[in-house]
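Here are some notes to read alongside the coordinates, written for a colleague who likes to check each point on screen.

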There are 2 protein chains.
Amino acid sequence: MRVGKLSPELLQELVLSHISVERDDVLVHAGLGEDCAVIDFGDEVCIISSDPITGAVTGIGTLAVHVACNDVAACGGSPVGIQVVLLLPESITEEQIQEIMIDIQTTAAGLGVEVLGGHTEITSRVTECVVAVTAIGRAPKASFVTSSGGQPGDDLVLTKGAGIEGTLILAQDFPELLPEFRVTPEVLDWFKGRLSVVKEGVHAARFGVHAMHDVTEGGILGAAAELTSASGLGCEIWEEKVHLPDLTKAYAVKLAIDPLKLLSSGAMLIATDRGVELVEELAGLGIPAFIIGRMTEDTTRRVVRRDGSSEEIPLFVQDELWRILAEK
Amino acid sequence: MRVGKLSPELLQELVLSHISVERDDVLVHAGLGEDCAVIDFGDEVCIISSDPITGAVTGIGTLAVHVACNDVAACGGSPVGIQVVLLLPESITEEQIQEIMIDIQTTAAGLGVEVLGGHTEITSRVTECVVAVTAIGRAPKASFVTSSGGQPGDDLVLTKGAGIEGTLILAQDFPELLPEFRVTPEVLDWFKGRLSVVKEGVHAARFGVHAMHDVTEGGILGAAAELTSASGLGCEIWEEKVHLPDLTKAYAVKLAIDPLKLLSSGAMLIATDRGVELVEELAGLGIPAFIIGRMTEDTTRRVVRRDGSSEEIPLFVQDELWRILAEK
């Protein structure tokens, strides 16, 4: 089968169609576009999300922690702790294991999150490191947020901008693709410092919003597709309103990347009927945010390009990073 | 590095020594011999454990669900739901993905546990299926149990017997090792029906016990080492008191296996000062249990063999299954 996440159709047919037990104490169940489960604990809820990261040692721990905690934050939860499953190839060294663990610990500590435990194993069944992080968070029962609560006419607010994570991966792991741009450690740190949406997620939930989705595979258009389909609605996204970091722009031009379809952990897409007010609130916290579109009653999803043309957003948006890496 | 779990020394040095943030709302932190974390949610606690299973398609889903839910039960928690991360090689077929998911769903449903979500991905970085399950459970705050609460003089009660999971794996995946024993589907079902300790774990927590540990890698001696070291005590295990299924006995003789060091998911080791009473209670639920040893103030750990000889139990007990598979 083809490398990558399962398509929504296959996920539905092979995986989700077999999910049958639904407990009363589970408030949000597994489903397309819902990355977290929510369990009732009285006045509070427990929010859980799992994500694996496969790849090189450099930065894998940091990324794995952010991606899982971001999912919890997209439900309006404060991440409490993480469980870490590390599956390592026989070629790994003790120093590399330590590097990954220090990375994980430093990132978690920066978010006020505890490493709760997990499992570390050397196995011949992986050819590169696999880190699977499960994040556990808490939120008042009255204020947790899902992907499915969007309302027609809602503003779609995006924090930070497009392609943050994808640009970092390109700059860090494939500098040869853009030799004319000098990638300094400061540039890498700028992107690394923007991978978390925990602050905006927790704050937006308190502010009161209809739906949230963090921007991962498939970029902003992928997040818009997941959020709108979970809400049973459509949307319009205005490309000209989406902020692009300079380096992201440079990659977009050089590699003919659509930055709206590029991995952007660190950006949160939020549906709210008080977009202007939310943008101001977030600015007060030092988080740049922009109204980049709106939810529509009509279930078609459209992106309006800078040149005024318009195209439909598919349900499954393939990430530009996978295309670039496949063409390498 | 050598294939397998990290040794306790390496785990301490490379992984646990970097764990620094300890939150007030986390009641049980990561540590040697503690397989679960416990988070405070008011009157209740949320109990979390993660375990990966790497191996063949047949039965991998069932095993993964039991192993994670058993850890939660060893803390006295009722498992509520599981998160499933499936990493699959490119050679996998749609039918095999369905087989794994049906296995997972059926096993979870049998335990009253919901499949909460997760992540399914085809990746070139695994050569065989990897299933990592995180189980989430709940328990009243007053009654959760850890590995570290054992008291000197406590009875050590074992449910079911030795080598349940290891025997099933040998019979299912390597029938050629014991051709003279006809392994019928009924025999396999007998073992498969005994892989869960959820019932005894939840019941023992209500009964009120000092410490529990489910019997996984390293078998009964491994579980005894983890439980006693977490409690800062020693123990004496009496081999003659440990029940052995007939097929386990046959393998032990044929392959010179020590069944006390063989994987035995499905068996729970329980420290309590009311062993006789607990054995009777469990018998009333249809769960056979036996007092197989006791906790000692003296921190040495000893097993008294059938012939009266005695040997020390190391902190890290290598599982007999890995030895047999390595010799194949």
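1. Let me begin with a pair of helices in chain B. H4(B) and H8(B) are roughly perpendicular to each other, because the angle between them is about 75° and anything from 65 to 115 degrees falls in that class. Helix H4 covers residues 164–173 of chain B and helix H8 covers residues 246–255, and their axes lie 10 Å apart. Please keep in mind throughout that this is a predicted model.

2. Which residues of H4(B) and H8(B) meet? From H4(B) they are B:Thr167, B:Leu170 and B:Ala171, and from H8(B) they are B:Leu247, B:Thr248 and B:Tyr251. Sorted by class, this contact of H4(B) with H8(B) holds four nonpolar residues, two polar ones and no charged ones.

3. Helix H6 (residues 198–207) and helix H9 (residues 275–284) of chain B pack at about 135°, with 11 Å between their axes. H6(B) and H9(B) are therefore oblique to each other, and H6(B) passes H9(B) in a right-handed crossing. On the H6(B) side the contact uses B:Glu200, B:His203, B:Ala204 and B:Phe207, while H9(B) brings B:Leu278, B:Glu281 and B:Leu282. The contact of H6(B) with H9(B) counts four nonpolar, one polar and two charged residues.

4. H2(A) contributes A:Ile60, A:Gly61, A:Thr62, A:Ala64, A:Val65 and A:His66 to the contact, and H3(A) contributes A:Ile100, A:Met101, A:Asp103, A:Ile104, A:Thr107 and A:Ala108. By class, the contact of H2(A) with H3(A) has seven nonpolar, four polar and one charged residues.

5. Now for chain A as a whole. Chain A contains 10 helices and 14 strands. Its radius of gyration is 19 Å, close to the 20 Å that the globule rule gives for 328 residues, so chain A is as compact as a globular protein of that length. Of the 328 residues in chain A, 55% are buried. Among contacts in chain A between residues at least 6 apart in sequence, 81% join residues at least 24 apart.

6. Is A:Gly222 buried or exposed? A:Gly222 counts as buried, because 26 C-beta neighbours lie inside 10 Å. This glycine is found in helix H7 (residues 219–231) of chain A. Leaving aside neighbours within four places in sequence, A:Gly222 is in contact with A:Glu217, A:Lys261 and A:Val317. A:Gly222 and A:Gly110 are 112 residues apart in sequence, and 28 Å separates them in space, C-alpha to C-alpha.

7. My last point concerns backbone angles. Most residues other than glycine have a negative phi. A:Ala256, however, has a positive phi of about 50° although it is not a glycine. A:Ala256 lies in the loop between helix H8 (246–255) and strand S11 (268–272) of chain A, and counts as exposed, with 10 C-beta neighbours inside 10 Å. In chain B, the phi of B:Ala256 is near 55°, again a positive value in a residue other than glycine. B:Ala256 sits in the loop between H8 and strand S11 (268–272) of chain B, and B:Ala256 is exposed, with 10 other C-beta atoms within 10 Å.

Technical notes: Residues numbered from 1 in each chain as written. Chains lettered and ligands numbered in written order. Predicted model: local features only at pLDDT ≥ 70, side-chain atom pairs only at ≥ 80, totals over all residues. Axes fitted to C-alpha atoms, helices over the stretch in contact; angles between N-to-C directions. Helix = DSSP H or I, 4+ residues; strand = E, 2+ residues; numbered from the N terminus. Parallel < 35°, antiparallel > 145°, perpendicular 65-115°, else oblique. Left-handed = near helix turned anticlockwise from the far one by under 90°. Contact = placed C-beta atoms within 7 Å. Nonpolar A, V, L, I, M, F, W, Y, C, P; charged D, E, K, R; others polar. Rg over C-alpha atoms; globule rule 2.2 N^0.38 Å. Buried ≥ 20, exposed ≤ 12 C-beta atoms within 10 Å, placed from the backbone.
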